[in-house]
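Subject: Structure for you to look at

Hello,

Here is the structure I said I would pass on. My notes on what was found follow below it.

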Amino acid sequence: MTTNVIEVNNLEHKYNDLKAVDDISFTVKKGEIFSFLGPNGAGKSTVINVLTTLRKIQKGEAKVNGYNVAKESKEVRRSIGIVFQMMCIDYEMTVFENLEYHGKIYSMPKNERRNRINELIKLTELEAKRNTLAKDLSGGMKRRLELARGLMTKPAVLFLDEPTVGFDIQTRMRIWEYLRKIKREGTTIFLTTHYMEEADQLSDRISIIDHGKIIATGSVLDLKNQLGEDLIYLETSDNKAAAGVLKTLESVKGVNEDTKFLRVMLEGDVTHILPKIMDKVRQNGIEITTVNIKKPSMDDVFIHYTGHGLRGEELEEQHENIKIAEVLK
Ligand SMILES: Nc1ncnc2c1ncn2[C@@H]1O[C@H](COP(=O)(O)OP(=O)(O)O)[C@@H](O)[C@H]1O
Ligand SMILES: [Mg+2]
């Protein structure tokens, strides 16, 4: 029997007149990594805050570990672990002391505590800073300590709100590996992210969330398969006109216009359809400058369901993070 560790029905949350979460329902099964993938402002943190009882539930129903978040908040809190965007570390303690203290609060036996601390300090690359006061760490290091602290205990359900924001890709990949490991050891993980790659690499299942609504849910493979086996990327002299023409073809399931490319979804085998597509475009006096065939990625899935890519600000932020990561090295 599969047990649902998280069950959410018709959750709604408003800030004054703004509906930040709009009639959301989903379940997370025991032992899976489930991700909310969505842009900034989509409502991810609001959902996670309600599930972890940091925000009072307004409308709908939510259960975590079988406990009702409205009526059994204490039991919910006792059965979960949380890694948040906000800082919970103590600045007047060293890296080691912060982790040691957290382990003690959760009554971890000394041996287990020490082993976990060593493992996590290594994971977050803080070995050289073991005895440094938290207040003397750089911003990125503080974030990594925050994550290490959240991972100290191995709860039945772990909530992670954008756990790797601002980390460089190597650190991020190591953290993904670690999360997979604790999943194998039996922890159920609910995480939010706006990184396509993170959702793709980690998740058993994903819900794509935009403007407070879930617009698609499925395994990474299912979501990608919805877009067909292959996608054709075309660059033409007139993408808008080409899109209009291609939409009339039976073997074309859908066309997205990006600023630069046309992304063409197919009904059937690319090797047969590609020549037809090229003929059709050229017959209409449109020049084709480049053609690419590729397997659908999480970006494609995201654009397909939301009708847009990441917004400018997030792309900028990702650039910003790369810059920060470079400085930190
Ligand atoms: N405390 C708050 N007061 C007013 N509006 C808020 C508050 N927290 C979040 N919002 C708004 O609710 C929406 C969803 O926010 P949030 O849940 O933080 O999204 P995400 O985590 O996906 O970025 C956004 O439009 C945000 O500006
Ligand atoms: Mg958030």
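A helix here is a DSSP run of H or I with at least four residues, numbered from the N terminus. By that count Tyr101 is found in helix H3. Please keep in mind that this is a predicted model.

Helix H3 covers residues 95–105, and its buried residues are Val95, Phe96, Asn98, Leu99, Glu100, His102 and Gly103. Among the elements that cover them are helix H4 (110–123) and helix H5 (139–151). Together with Ile105 and Tyr106, Tyr101 forms a nonpolar patch on the surface, with about 340 Å² of accessible area for the three together. After H3 comes Ser107, which has a positive phi, near 50 degrees.

The other part to look at is the sheet. It is open and has 4 strands in the order S2-S1-S4-S5, with antiparallel pairing. Strand S2 (18–29) and strand S5 (67–68) stand at the edges with a single partner strand each, so each has one side without a neighbour in the sheet. S2 runs antiparallel to strand S1 (residues 4–15), and 8 bridges join the two. As one point to find on screen, Glu7 has Thr27 in S2 as its bridge partner. Helix H1 (residues 44–51) packs on this sheet and touches S1, S2 and strand S4 (59–64). The direction of H1 makes about 120 degrees with that of S1.

Regards

Note on methods. Residues are numbered from 1 along each chain as its sequence is written. Chains are lettered from A and ligands numbered from 1 in the order in which they are written. This is a predicted model: local features need pLDDT of at least 70, side-chain atom pairs count only at pLDDT 80 or more; totals for chains, interfaces and linings use all residues. Side-chain values use heavy atoms; hydrogens and water are left out. Buried means under 20% relative accessible area, exposed over 50%, partly exposed in between (1.4 Å probe, protein chains only). Contact means heavy atoms within 4.5 Å. Patches are made of residues with over 30% relative accessible area and no salt bridge: like charges are joined within 9 Å, nonpolar side chains (Val, Leu, Ile, Met, Phe, Trp, Tyr) within 5 Å. Accessible areas come from the Shrake-Rupley method with a 1.4 Å probe; for residues, only the protein chains shown count as cover. A salt bridge is a side-chain nitrogen of Lys or Arg within 4 Å of a carboxyl oxygen of Asp or Glu. Two strands pair if DSSP finds at least two bridges between them. Axes are lines fitted to C-alpha atoms, for helices over the stretch in contact, and angles run from 0 to 180 degrees between N-to-C directions.
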